[in-house]
Amino acid sequence: VVSTQSTGHIYQHRCDMTTRKLINYAQRLKPPLPEEKLIKTWKICRGDKVMVMSGKDKGKISTVLQVFRAKNKLLVEGLNLVKKHVKSTGEAKGGIFTQEALIHRSRLALIDPSNGKPTKVALKYLEDGTKVRVSKKTGTIIPKSDAAKERRKPRPTKDGPKDTPLDVVRKITYDAEKEELPFLKE
């Protein structure tokens, strides 16, 4: 729709196909969630057993495949299945495929391993200082799965341009017996 300032008339403008595609694409894009709406402390990790509390899969239990913290959503194995229409390409065959879709965090509850029921989770510190997840119903510790303990992206092992060389790190700069600091010498 285009309006003109001088006459004040509004008239329909026909767009070419590429412009329509761009407009439709822009309308489908969703902006990222603002910082205040993101969940600060995640208590559900990859590999945890969860139960769906609402929706078409209410009451079903499954395992978390992936966590999308920027969207407050999770991908759960075998739940929230949707049909995806895929166009065939040269090497891949097209058709209608069933796949899992994302589920919002508020629709899921973590399963307590001691009784197999959904529970709320609290974060507490043990005497040795380790942070653990504790069931609010039974008070038992909920361990993290092996999948959550391993890193998806390994830490870089190659030194970058801003890394301190190893010989500088290992250099002794303070001697407790002499009790003098080399950088304070005048």
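These legends describe a set of views of one predicted protein model. Residues are numbered from 1 along each chain as its sequence is written, and side-chain values use heavy atoms, with hydrogens and water left out. Because the model is predicted, local features need pLDDT of at least 70 and side-chain atom pairs count only at pLDDT 80 or more, whereas totals for chains, interfaces and linings use all residues.

**View 1. The protein chain as a whole.** The chain contains three helices and 13 strands, where helices (H or I, at least four residues) and strands (E, at least two) are DSSP runs numbered from the N terminus. Of its 186 residues, 19% are buried, a word that here means under 20% relative accessible area, with exposed meaning over 50% and partly exposed in between (1.4 Å probe, protein chains only).

**View 2. The salt bridge between Arg133 and Asp48.** The whole structure holds two salt bridges, each being a side-chain nitrogen of Lys or Arg within 4 Å of a carboxyl oxygen of Asp or Glu. In one of them Arg133 pairs with Asp48, and the closest N and O atoms are 2.7 Å apart. Arg133 lies in strand β12 while Asp48 lies in the loop between α1 (17–28) and β3 (49–52), so the pair ties together parts that are 85 residues apart in sequence. Arg133 and Asp48 are both buried.

**View 3. The salt bridge between Lys60 and Asp57.** Here the side chains of Lys60 and Asp57 meet at 3.3 Å, N to O. Lys60 is partly exposed, with a relative accessible area of 43%, whereas Asp57, at 9% relative accessibility, counts as buried.

**View 4. Ser135 and its surroundings.** Ser135 belongs to strand β12, which covers residues 131–135, and it is buried, with a relative accessible area of 3%. Its side chain makes a polar contact of 3.0 Å with the side chain of Asp112; such a contact is a pair of N or O atoms within 3.5 Å, and within protein one must be able to donate a hydrogen and the other to accept it, while residues adjacent in sequence count only if both atoms are side-chain atoms. Leaving aside residues up to four places away in sequence, Ser135 touches Asp112, Thr119, Lys120, Thr140 and Ile142, where contact means heavy atoms within 4.5 Å.

**View 5. Lys71 over the ring of Phe68.** The charged end of Lys71 sits over the ring of Phe68, 6.0 Å from the ring centre. This description requires NZ of Lys or CZ of Arg within 6 Å of the ring centre and within 35 degrees of the ring normal.
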